[in-house]
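Here is a friendly walk through one protein model, meant for someone seeing it for the first time. Take a look at it, then read on.

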Amino acid sequence: MAKLFVKQAKQYADLATVYKNVIATDVSEKQLEFATKLPNVRYQHTPSTMSMAELEQKVAPQGTIDLVTIAQAIHWFHLPNFYQQVKWVLKKPHGVIAAWCYHIPRFSDAVDLILDQLYSSDAGPYWDPSIKLIDNNYRSIDFPFEPVDGADHTGPFEFVAETVMDLDDLLTFIRTWSAYQTAKEKGLELLGEDVVEKFKLAWGEDGQKVAKFPIYMRIGRVGDA
């Protein structure tokens with residue numbers, strides 16, 4: 001799972017170079033340990049629930065933040081409380097919130113067929129209901145913000161991120177699924193020998209393949225609310 005944490009942290013590290021001051025928060029201290037250490041970033045462990053006084057103490061005073069970003073996580077949040085905090089810290093009316101998720105990667109027809117079967121059917125009963133928000137590309141998620149300048153809606157806007165993975169990388173990625181962990185806790189190994197063998201046959205002789213991750217972003221500004 002460490003490899004996934006590193007990739008997640010890199011998303012923020014790349015974005016952090018654009019801004020003079022960045023506050024990176026997470027309820028998981030383990031996630032923060034894997035974050036790229038940058039001089040302009042303050043890493044802050046935050047509890048899952050905070051009062052406004054704690055928010056000001058741990059994160060930022062009211063109306064002082066230009067941009068709030070959330071990568072592959074907002075579907076886990078208690079949205080009414082989170083949005084209240086977002087609207088409190090963002091500068092009005094042009095402070096921006098951007099939340100994005102990625103779905104399972106695309107490799108080839110043969111590999112994708114097995115991966116889709118594993119994701120939807122085999123792992124299906126073990127997914128938390130919140131995963132439906134990702135399956136719907138964040139289209140149905142509550143997002144009470146105004147379109148940013150130049151846009152007439154708040155998304156989802158679609159992108160594709162490419163990386164190179166070998167079969168071991170793919171199997172490691174699958175093992176990071178919350179559904180995989182839940183199934184394992186219940187005594188079921190989703191990556192049994194038969195499934196791994198199917199992946200090996202579909203993967204073929206290629207050592208590495210290009211993995212295309214579809215990314216879906218909701219973005220909006222706080223307005224005067």
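## Threonines, strands and a helix

Thr163 sits in strand S5, which covers residues 157-166; strands here are DSSP runs (E, at least two residues) and helices are DSSP runs too (H or I, at least four residues), numbered from the N terminus. The model is a predicted one, where local features need pLDDT of at least 70 and side-chain atom pairs count only at pLDDT 80 or more, while totals for chains, interfaces and linings use all residues. Residues are numbered from 1 along each chain as its sequence is written, and side-chain values use heavy atoms, with hydrogens and water left out.

What does Thr163 touch, leaving out residues up to four places away in sequence? Its partners are Lys209, Val210, Ala211 and Phe213, where contact means heavy atoms within 4.5 Å. From Thr163 to Leu55 there are 108 residues in sequence and 36 Å in space, C-alpha to C-alpha.

Another threonine, Thr46, lies in the loop between strand S2 (41-45) and helix H3 (52-58). Beyond its neighbours within four places in sequence, Thr46 is in contact with Thr25, Asp26, Val27, Lys58 and Val59.

Here is how the two compare for burial, where buried means under 20% relative accessible area, exposed over 50%, and partly exposed in between (1.4 Å probe, protein chains only).

| Residue | Relative accessible area | Class |
|---|---|---|
| Thr46 | 7% | buried |
| Thr163 | 28% | partly exposed |

Now for the sheet that holds S5. It's an open sheet of 4 strands in the order S3-S4-S6-S5, with mixed pairing; two strands pair if DSSP finds at least two bridges between them. S3 and S5 are the edge strands, each pairing on one side only. Inside the sheet, S4 and S6 (residues 208-221) run antiparallel and are joined by 7 bridges. Opposite Ile97 you'll find Gly220 in S6.

S1 (residues 22-26) and S2 also pair up, running parallel with 5 bridges between them. Val22 stands opposite Val41 in S2. Together with helix H2 (residues 29-34), S1 and S2 make a right-handed β-α-β unit: with the strands pointing away from the viewer, the path from the first strand over the helix to the second runs clockwise.

Finally, which residues of helix H4 (residues 79-89) are buried? They are Leu79, Phe82, Tyr83, Gln85, Val86, Trp88 and Val89. The cover over H4's buried residues includes H3, strand S3 (67-71) and strand S4 (96-102).
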